[in-house]
Amino acid sequence: MIGRHKHLIGLEPLSREEILGLLQLAVSMKEVLRRPIKKVPTLRGKAVVNLFFEASTRTRTSFETAAKILSADAFNWTSSTSSVTKGETLLDTARNIEAMHPDVLVIRHPAGGAPQYVANRVGCAVANAGDGAHEHPSQGLLDLFTLAEHFTRVGGKPGGEVGKKEDVVPDFGTIAGKTVAIVGDISHSRVARSDLYGLTKLGAKVRFCGPPTMMPPGVEAMGATVHHQLREAVEGADAVVMLRIQHERIGDPLIPGTREYSKFWGLNAKKAAEWLTPTCAILHPGPINRGVELSSEVADGPRSVILEQVENGVAVRMAILYLLAGGAHEIDTPAPEGAARA
Amino acid sequence: MSGEIIFIEGGRVLDPASGTDGIRTVVVRDGRIAEVAERLERPREARAIDARGKWVVPGLIDLHVHLREPGQEYKETVETGARAAVAGGFTAVCAMPNTVPPNDNTGVTELVLARASAAGLARVYPVGCISKGQKGEELAEYGELKNAGCVALSDDGKPVMSSALMRRALEYARVFDLPVTVHEEDLGLVGKGVMHEGPAATRLGLKGVPGAAEEVMVLRDIALAELTGGRLHLAHLSSAGSVRAAREAKRRGLRVTAEATPHHLALSDEDVARSGYDTDFKMNPPLRSAADVHAVREGLADGTIDCIATDHAPHTVVEKDLEFDVAANGVVGLETAFAVCLALARKGAFSERRLIEALTIAPARAFGLPGGSFAKNAAADVAILDPGLEWRCEPGRFNSKCGNSPWKGAMLVGRCTHTLVGGRVVHELDMGASGQGPMGASGSGPKGER
């Protein structure tokens, strides 16, 4: 259970306290992840099935790693089809898997609402690993975690600088009052939506930026401000999330091409130096199109916390699986049972 | 029924065609309306139907239903569709031609008519295709279709994307005086959209269809109606811009009529969000914004939208119990239309008289059909509606084969208790056995969720 919730469908339904509880638990999980022997018996005997209807090596591997560190058995079920005309229905697939008694079903699906649909019809817990353009809650949580680490790192000291990635215990209170710009194809981005819900619930301000063809209606009512000029969106921001530009959007036609996109909405070293504050962090949910939304200099530069995001992703997913499979434990359990304190 | 006399007594007779609205007795003799009068002595041999507390209205007419026969009898047949119709107070329905095969030839038209005649329930008026095979390439044989019994033309379910073909359809249909009913959406603007484009779709992460997808086609076809002088009927209008365009076209005297569905009058895209991806809220055109709903209601109230049509579209759970993206479009509507629209009238969206007009004489006029009024000697097609009867909408109890209704489980107020077609009682609500007595006496029953 995550607070009142049996499933993790999105960050929109979660309260601020439920999000903070999950993030706090992820702090303990990150400590486990960094041990030389990264294995705790917490979820021994529990089964996690990764049911992926979209290719996603990164998220699937992250969930799988998280399950294995907690000693759960992790299985992958990959299906390239989701249409009723091509093979089995989603419900039949979900029921087949349910018959194998998993404790948590992790679902990635191209249709918005698919995890909720399954959650309404199966007995086990469901974790949404990304559904259409709806939500990607584990990504939203790992972004919050990474941002809190960054803000804690640079915030405590005047003139705190980026680039030195010394370990800190993230203070999630640092997110309040910060401004985060999210740049790219907002209309197709589940990451943008989950980030928006998570950030606004923790008191941050969110700017959405992209060409009008990539800006869906109604985001102001969800709490974001809308910008079409990159400079306007990133100036003064405490962090910038650059979204991946999907190549299939080019013919859609949402943009004329990557060259023009890169020129107007891509971030390179020159723009970063001129427009960003000294402590502004750069995030990307990956995989990066180098040279399109981010230049290599920026992606690999001192502001980038992209690899921290990947590491934190495992910690956050450990927390998610722990709560969804583990059942009755309070959310602020300091460390998984059986874990030797380092 | 020769010689049979029926006195429908004590009800509020609402006949917008004649302006009658008051307690009257309707006398049916030999299957025809013999008289509508205030006080009449009932002869001993006459049968009496007590309509006290109820509305007695001309049989309702629905210009837009999908009966699925031939080809998809597992969803609906002409008989089950006609049964659903009379249960909802509809005595005449227009059967859309997107069957398998489509009704682009007299063989299909004749089959539908034969099935309707065998069922002996509602009158069924077939609608023929605009284009052969609904492919949007060549005109269907309108003369043959009309002679076989078709009352209008439509490629419903699909827009006629070729402006040239649409022009020729409107032009050619003139010689047979057939209205051309259009399902308006620009497929390029629709793309992969599955609900109305707006804040609700953004939150749900579903691809949107803007109202403009309908409006550009409505505007195009109004221009073509002007060019050709053809009769254009705009099916299931859903967006404010379409209503505006239709209003302006009518003001200029073009031969344009329009319909709206109960669901587009009652529900918005926010209901899709509230439903949590319930595919019984997925239809085409999609449920639109609250502002669009308001405009459609205004259009119905001021007559821009002539009539209410259900777009009754049965689909089984096989097509509906799926991810929102891939589920079939459409909802059933014949058995809930009156209650849903009555609730809107009670909220002041339009008058009760306008409601009944939009379900009787207005659709009859739009397609030139008989019925829709209590004119003396007209066929006695009558619906007796109880405006106070509260009932739980349980799709498992529908007469339709399918239960894809956004009102499943809801308590509704207003229900048809008797339906007469040609003076014959073809439907009488069973207040006992159905377990759906007044005030939802059986309210503890299953909720109709599938």
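This is a predicted model: local features need pLDDT of at least 70, side-chain atom pairs count only at pLDDT 80 or more; totals for chains, interfaces and linings use all residues.
1. As a general point, nonpolar side chains tend to be buried together in soluble globular proteins.

2. Now the contact between the chains. Chain A brings 25 residues and chain B brings 16. On the side of chain A that touches chain B, helix H3 (90-98), helix H4 (114-119) and helix H6 (190-201) of chain A each supply at least two residues. H4(A) gives the most, with three residues. By class, that side of chain A has twelve nonpolar, nine polar and four charged residues.

3. Chain B holds an open sheet of eight strands. Their order is E6-E7-E8-E9-E10-E13-E14-E15, with parallel pairing. The edges are strand E6 (60-65) and strand E15 (307-308) of chain B, and each pairs on one side only.

4. Two bridges join E15(B) to strand E14 of chain B (residues 256-260), and the two run parallel. B:Glu259 stands opposite B:Cys307 in E15(B).

5. Helix H1 of chain B (residues 78-87) touches E6, strand E7 (90-95) and strand E8 (123-128) of chain B, and its direction makes about 140 degrees with that of E7(B). Helix H7 of chain B (residues 212-228) touches strand E10 (180-182), strand E13 (232-234) and E14 of chain B. The direction of H7(B) makes about 165 degrees with that of E13(B).

Methods
Residues are numbered from 1 along each chain as its sequence is written. Chains are lettered from A and ligands numbered from 1 in the order in which they are written. Two residues are in contact if their C-beta atoms, placed from the backbone, lie within 7 Å. Helices (H or I, at least four residues) and strands (E, at least two) are DSSP runs, numbered from the N terminus. Ala, Val, Leu, Ile, Met, Phe, Trp, Tyr, Cys and Pro count as nonpolar, Asp, Glu, Lys and Arg as charged, and the others, Gly among them, as polar. Two strands pair if DSSP finds at least two bridges between them. Axes are lines fitted to C-alpha atoms, for helices over the stretch in contact, and angles run from 0 to 180 degrees between N-to-C directions.
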